[in-house]
Amino acid sequence: MLFSLLDRSRTRTGFDDASALRHTVERAVHAETIGLHRFWVAEHHGVPGIASGAPAVLAAAVASRTSSIRVGSGGVMLPNHQPLIVAEQFLMLESLFPGRIDLGVGRSLGFTEPVREALRGGRTDTFEDDIAELRSYLDGSGSVTARPAAPPPPVFVLATGAGLEVAARAGLPVVVGGPVLQHDDPLALYRKHFRPSSTNLEPYVIVSLDVTIAADAQDARRLAVPEAWAMARSRREGEFPALEPDSAIDAVQWTPQTRSRVEASLASSILGTALQVRPRLEEIVERTGADEIMASTSTYDRAELFDADAAFAQLAGVAG
């Protein structure tokens with residue numbers, strides 16, 4: 001079982017956005033040291049709590065500071081980009097860092113209407129066609145020859161619902177999380193309808209989860225609260241905020257609705273000691289048939305986040 005990380009370049013109160021990007025690179029260096037398999041970065045636009053809007057640029061920074069861990073996007077949102085440009089960016093990354101680059105693609109639009117307008121996004125769903133066009137540029141079969149010439153990096157689909165069907169028809173691996181994990185049918189259908197491709201003979205499933213491991217269950221919960229609090233605030237205020245220290249959150253009077261939302265968010269995460277988390281991950285792997293676990297953990301305190309990452313790696317048996 002392979003274990004990996006998705007880092008969304010979460011901003012933190014008291015730090016500027018540039019710090020969030022540097023923190024991502026530093027976390028990637030640590031992830032490589034502890035033996036994790038992949039380190040992916042995200043694409044979000046106009047979100048106060050996330051500094052990363054250009055995953056190809058950030059992936060280059062991460063790859064330049066590491067030497068063995070796979071580096072990729074989780075993911076590039078194809079509605080926001082021309083497939084040729086994405087192909088050129090990731091062929092360039094593959095040329096600079098051969099054999100280490102992954103291209104995860106998704107179909108999400110901007111978080112708000114002004115962001116969607118600024119991205120010039122269309123309303124027509126062309127995701128499947130965009131993936132086919134992108135792959136043609138990557139493998140050299142397209143109407144235009146994308147440069148630099150390089151072996152195509154593997155393509156992954158960040159998938160929910162119809163995205164799983166698209167991935168199955170294209171013969172591509174998938175990354176799934178959230179509500180999809182509550183039901184077995186979508187993944188069963190993905191495997192049933194998977195069409196082997198030149199790059200992927202078998203289905204491949206990466207499960208993405210919030211996983212927080214600490215010395216005791218209460219500590220794990222405490223570390224997970226800043227992200228859950230941010231999610232609750234975004235529901236209330238319509239804006240996803242920076243992470244706050246748990247001491248500041250504790251000082252706020254919680255409304256019943258906020259508490260309910262925080263508890264729901266925590267309940268959807270995997271929290272606890274290593275002995276408590278292991279059986280929960282094993283159950284998810286057995287139920288979903290996952291080939292890989294990708295943790296999307298975040299918290300305010302970076303030293304404690306690094307400790308949680310190390311415990312996650314040790315759980316996989318990849319770190320000494």
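Guide: A salt bridge is a side-chain nitrogen of Lys or Arg within 4 Å of a carboxyl oxygen of Asp or Glu. Side chains of opposite charge can pair when their charged atoms come close. In this predicted model, the structure holds 18 salt bridges.

One of them joins E227 and R10, whose closest N and O atoms are 3.0 Å apart. This pair links distant parts of the chain, for E227 belongs to helix 8 (residues 217–237), whereas R10 sits in the loop between strand 1 (2–7) and helix 1 (17–33), 217 residues apart. Buried means under 20% relative accessible area. E227, with 9%, is therefore buried, and R10, at 4%, is buried as well.

Another salt bridge is formed by R107 and D125, with 2.3 Å between the closest N and O atoms. R107 lies in the loop between strand 4 (101–106) and helix 4 (113–118), and D125 in the loop between helix 4 and helix 5 (127–139), so this pair ties together parts that are 18 residues apart in sequence. R107 has a relative accessible area of 26% and is partly exposed, while D125, at 55%, counts as exposed.

Helix 8 also contains a pair of its own: the side chains of D219 and R222 meet in a salt bridge of 3.1 Å, N to O. Because D219 and R222 are three residues apart in helix 8, about one helical turn separates them. D219 is partly exposed, at 26% relative accessibility, and R222 is partly exposed, at 26%.

Methods:
Residues numbered from 1 in each chain as written. Predicted model: local features only at pLDDT ≥ 70, side-chain atom pairs only at ≥ 80, totals over all residues. Heavy atoms only, no water. Helix = DSSP H or I, 4+ residues; strand = E, 2+ residues; numbered from the N terminus. Buried < 20%, exposed > 50% of the residue type's maximum accessible area, 1.4 Å probe, protein only.
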